[in-house]
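Student: I'd like to go through some labels on this structure and hear what backs each one up. Can we start with the aromatic rings?

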Amino acid sequence: MKYRVPAPLRPSKKRYLAAVIPDVHLGYHQRVPAHDPLVWDVGMQALAHLADRLTHVIIIGDWGNCESLSHWAALRADQVYINEDIAIMNHGLDEIDAICDPYKIKKVFIEGNHEVWATLLEAKYPILRDQINLQRVLLKGRQRWTWVPNNHFYKLGKLYFTHGNIRGVKTPEDMIKKTGKSVVYGHTHGNESRSLRGLDGEHSSWTIGCWASIEPPPPYARAWVPEKWVHGLTLAQVRANGLFQVNFRRIIESSYTELFDGTEIVADRKQAQRRIDEQMRLLDALELEYRDRYYHPSGRVKEDDPVEPLRGTELRTRGYRARIIASRG
């Protein structure tokens, strides 16, 4: 029996290829990263490899850990402060820009529940209104970025993207029933998919893992073992007619993945350590500035035209050195 091979269908003239970055949770708690540095390295390598084909990079929420804005009272001990969170979040956005901007890739930042803590804090303390505006602080001066508020959606063709902390949504099936659309979302840190068929056709929904630290689990897990969390990178291919394919690629043992084109990517541990070292220098500088503003020892005198101190005027006391500046008599 002979089979006639049909001529290939003519592909659409225009399509989108979007890399979707799930919950990263960039930040540190007591100098332990809430994100996974090796997973981050795999993800950046993947973006760099695909950059000449990508049209969009979509951050799907919880980009930063935002520990300092947490409304969970149990996490108040040994808190970082907001400038630390913002510095690490901006450090990550700088790397995204460096990869995407040469290719004029559109970038989308969907606000997650960890970012929306800033808005909740402003609502609780109106005197802080617009003082912690993450949209302004993170995206100011950056090109080709679109900000999508928490629980809003970004659309490519017939596919929708959101963070996923929607009331009543616990599973991909819930998301389809709630929205009546095909949705890619994060928030759960797991990987599940479901399809349902209704009167208006078939809809599918996916949860797409995370880049957060799983071992050890981050403080916001509150001693809960995250047994369903997985690491992964998602690619969404959307044609001009709106039809799409969603491809989830697991990042195995925080260090390895294979892309849909067969490219294997392995984490560069030295590069990951260099990133950590650079972020530690950022945190050290901010901590020094913070101590200088709030905890500096007394006895310091600053003047526009300091003069050499007279011999014998140096005073040592309780672990710090104060220098008394005598004027020229």
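Predicted model: local features only at pLDDT ≥ 70, side-chain atom pairs only at ≥ 80, totals over all residues.

Student: Why is the pair of F109 and W145 called tilted?

Tutor: Planes under 30 degrees apart count as stacked, over 60 as edge-to-face and the rest as tilted. The F109 and W145 planes sit at 55 degrees, with centres 6.5 Å apart, so the pair is tilted. The pair links distant parts of the chain, 36 residues apart: F109 is in strand β5 and W145 in strand β6 (residues 145–148). Strands here are DSSP runs of E, at least two residues, numbered from the N terminus.

Student: What makes F153 and Y160 edge-to-face?

Tutor: Their planes are at 85 degrees and their centres 6.4 Å apart, so edge-to-face it is.

Student: How do you know whether F153 is buried, exposed or partly exposed?

Tutor: Buried means under 20% relative accessible area, exposed over 50%, partly exposed in between (1.4 Å probe, protein chains only). F153 has 34%, so F153 counts as partly exposed. Y160, at 16%, is buried. F109 is buried at 0%, and W145 is buried at 13%.

Student: Which residues do ring pairs link into a cluster?

Tutor: W40, W63 and W211.

Conventions
Residues numbered from 1 in each chain as written. Heavy atoms only, no water. Phe/Tyr/Trp six-rings, centres within 6.5 Å; stacked < 30°, edge-to-face > 60°. Helix = DSSP H or I, 4+ residues; strand = E, 2+ residues; numbered from the N terminus.
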